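Please look over the entry below before reading on. My notes on it are set out as numbered points.

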Amino acid sequence: FQTMKMAVKTQAGTAAKWDEMRKEASRVENDLYLKLVSFSKLGASYSQHDSLAGVQDNEAGGSSGHVFDTMSLEIEQLLAKLTEVNDAMQGHIDSGIEATPTMLHVAAASRYIEKLLAGVLEDEGQHQAVQGQRGFVGIGAKGY
């Protein structure tokens, strides 16, 4: 009876740990999405302002450049946190627990989101390197 009680306690602890990781991944994904939307809006308004003012793209700087740099760093940190949480979820699954189909789906979906966002950031960074701009214009407002 004692062994059975320990097994139930272990399963409850495992479920609680998984739920905590799942919630953390969801929170980071949402924070990352919101930050990317804000970044996109900033980039779009910055590009529009430069076009109207006749400023060359490579003359970006000042406080606007600082905002881009700060937001870029925050996005990179959130993406690193999502990678960390996804690695922990995968490690939990690989630890020999009985992973449910839902657990496998959540882990795969979160990893997909991570890779998708990392790819978007990489694409945007390459575009901006070609354009010679600081930061990037924004998700969905590429201008090319």
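1. The coordinates are a predicted model, and side-chain atom pairs are counted only at pLDDT 80 or more. The protein has three helices and zero strands, and its elements follow the order α-α-α from the N terminus. Helix 1 covers residues 2-53, helix 2 covers residues 62-94, and helix 3 covers 101-131.

2. Overall numbers. The protein has 144 residues, of which 27% count as buried. Its accessible surface is about 9,100 Å², with 57% of that area belonging to carbon and sulfur atoms. Among contacts with a separation of 6 or more, 77% are between residues 24 or more positions apart.

3. In soluble globular proteins, nonpolar side chains tend to be buried together. Here the largest nonpolar core contains 20 residues, and W18, L32, L36 and I75 have the most contacts inside it. Each of helix 1, helix 2 and helix 3 contributes at least two residues to this core. Which helix supplies the largest share of this core? That is helix 2, with nine residues.

4. Aromatic rings. A pair of aromatic rings is described by the distance of the centres and the angle of the planes. The structure holds one such pair. It is formed by F39 and F68, whose ring centres are 5.5 Å apart with 70° between the planes. The arrangement is edge-to-face because that class takes planes over 60 degrees apart. F39 belongs to helix 1 and F68 to helix 2, so this pair ties together parts that are 29 residues apart in sequence.

5. Side chains of opposite charge can pair when their charged atoms come close. The count of salt bridges in the model is 10. One of them joins R27 to E24, with the closest N and O atoms 2.8 Å apart. R27 and E24 are three residues apart in helix 1, so about one helical turn separates them. R27 is partly exposed, at a relative accessible area of 39%.

6. Salt bridges at R111. What does the side chain of D87 meet in a salt bridge? The partner is R111, at 2.7 Å from N to O. D87 is in helix 2 and R111 is in helix 3, so the pair ties together parts 24 residues apart in sequence. R111 also forms a salt bridge with E114, at 3.0 Å from N to O. E114 and R111 are three residues apart in helix 3, so they are separated by about one helical turn.

7. D87 is partly exposed at 42% relative accessibility, and R111 is partly exposed with a relative accessible area of 21%. E114 has a relative accessible area of 4%, so it counts as buried.

8. E29. This residue lies in helix 1, and its 16% relative accessibility places it among the buried residues. Leaving aside neighbours within four places in sequence, E29 is in contact with L82, S110 and I113. For E29 and S110, the C-alpha atoms are 8.0 Å apart in space, while the two residues are 81 apart in sequence.

9. H92. This residue is part of helix 2. With 8% relative accessibility, H92 counts as buried. Not counting residues up to four places away in sequence, H92 touches T14, K17, W18, M21, I97 and M103. One of these, W18, is also among the residues with the most contacts inside the largest nonpolar core.

Methods. Residues numbered from 1 in each chain as written. Heavy atoms only, no water. Helix = DSSP H or I, 4+ residues; strand = E, 2+ residues; numbered from the N terminus. Buried < 20%, exposed > 50% of the residue type's maximum accessible area, 1.4 Å probe, protein only. Contact = heavy atoms within 4.5 Å. Phe/Tyr/Trp six-rings, centres within 6.5 Å; stacked < 30°, edge-to-face > 60°. Core = buried A, V, L, I, M, F, W, Y, C linked by side-chain atoms within 4.5 Å. Salt bridge = Lys/Arg side-chain N within 4 Å of Asp/Glu carboxyl O. Areas by Shrake-Rupley, 256 points an atom, 1.4 Å probe, with all protein chains shown as cover.
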